[in-house]
Amino acid sequence: MKKRVISHLFAGALVVSLFAGCGASDDGKTEPSKEKSDTKGSVYYLNFKPEQDEDWQELAKAYTDSTGIPVTVVTAASGEYETTLMSEMGKSGAPTLFQVNGPVGLANWKDYCYDLSDTDIYKELTSEDYALKDGDSVAGIAYVIESYGIITNKSLLSQAGYKPEDIQSFEDLKKAAEDITSRKDELGFSAFTSAGMDGSSDWRFKTHLANLPIYFEYQDEGIGTTDAIKGTYLDNYRAMWDLYIENSTCNPAELAAKTGDDSRNEFLNKEAVFFQNGSWEYANLTGDETFTDDELVMIPIYLGVGDEADQGLCTGTENYWCVNKEAEEADIQATLDFIDWCVTSETGTKSMGEDMGFVIPFKSAVESNNLFVKQDAAMTEAGKTPVSWNFPTMPSEEWKNGVGTALTAYAADQSDTNWTAVVSAFVDGWASEYELANGQ
């Protein structure tokens, strides 16, 4: 992807907080400063994770206070990272540090990726598996391993007459959810939070939930990617989607306008037992002591496929740091020094491990205090098989959007015809988007 192309694309909204080296615009909003020290270089990190924005701002300030190197952190709005990156890369003072989601994302940005194979941070990795390679070049490095599943309010579940141990399969989950729905007026809560399909929430279903049928198909076929998905388990995908939308806090027709905040707030306000999300939500749920660890558990997303009793959480990464090789040499070195400090220093590892709740795949990592991370480790230790993250192999963002649009239409009218459109978006859309992405 060339700069002359990127410069013509429009960016999504930026979520920008006050940080080291930032200035104020006329409307009072903060904007990234592109000022640099004369010789030491500077860092501009375009962050993917809105939920960790405040933590990154604080860590950037700590580094600047310690070293004098200006670090700017800009956080793209949820669902707008790729668009924002395209816009920012077309400007002077482009990000020196950015992210790709895996091989598909790398295909768009590999011409901008500095070779990290001879860098300190590469040598800190605990496994070669966490390096994203382009031939012999190390184009990206995974900086966080995460898990997702169905976050469960144990207290509400108990009030409904169930324990987490009672849910070991899709049929178990369906039985509990439908029973809760049948008694929701009596109980005072619903089974699931709203499966919002606006841009701040739809990734949970068009990407994270969609990972499950892809994972099981890949397992059957013994593959790790494909140019043509078969859709073997899309009936199971439909059954789970139906379960979500028919047993939630709102009418399915309202989901198009429901946001990620709506879903989170419903869970925080104890309006629902189940909330599909990931380990990154831990701080949001336990802040201000809204929930204690004793009240929460993350259970697997069961799809009615395979050995469900031994299924673990969905665990992996789509978060790879890349350094912009088009940046000035001093800025490249400043960026390399910054990310190495993040994963080796006491301040950096504490922030990433404790404040952000990350499992970072580096030798100096501190143990995370994130409950969901600990639960994933316990499941794996007990012999349960984690579900790998296969959505980095999805052929394009447009494919995800097509699936999301079809899911939203189906939620409003759950006809077989509308589900056929979901299947078409999933299967036919995969083939056509793969062909476009690979120039076939």
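## Helix α14

In this predicted model, helix α14 (residues 329-344) has 16 residues, which at 1.5 Å a residue should span 22 Å, and this agrees with the 23 Å between its end C-alpha atoms; the expected span is 1.5 Å times one less than the number of residues. Helices here are DSSP runs of H or I with at least four residues, strands are runs of E with at least two, and both are numbered from the N terminus. Among the buried residues of α14 are D331, F338 and W341, where buried means under 20% relative accessible area with a 1.4 Å probe and protein chains only.

## Nonpolar cores

The largest nonpolar core has 63 residues, and Y237, W241, Y244, F274 and F426 have the most contacts inside it; such a core is a set of buried Ala, Val, Leu, Ile, Met, Phe, Trp, Tyr and Cys residues joined through side-chain atoms within 4.5 Å. Helix α11 (residues 234-246) gives the largest share of this core, seven residues. Apart from it lies another core, of 35 residues, including Y45 and F362.

Leaving aside neighbours within four places in sequence, F274 is in contact (heavy atoms within 4.5 Å) with residues including I150, L157, F192 and I299.

## Basis of the model

Residues are numbered from 1 along each chain as its sequence is written. As the model is predicted, local features need pLDDT of at least 70 and side-chain atom pairs count only at pLDDT 80 or more, while totals for chains, interfaces and linings use all residues, and side-chain values use heavy atoms, with hydrogens and water left out.

How values were computed
Buried means under 20% relative accessible area, exposed over 50%, partly exposed in between (1.4 Å probe, protein chains only).
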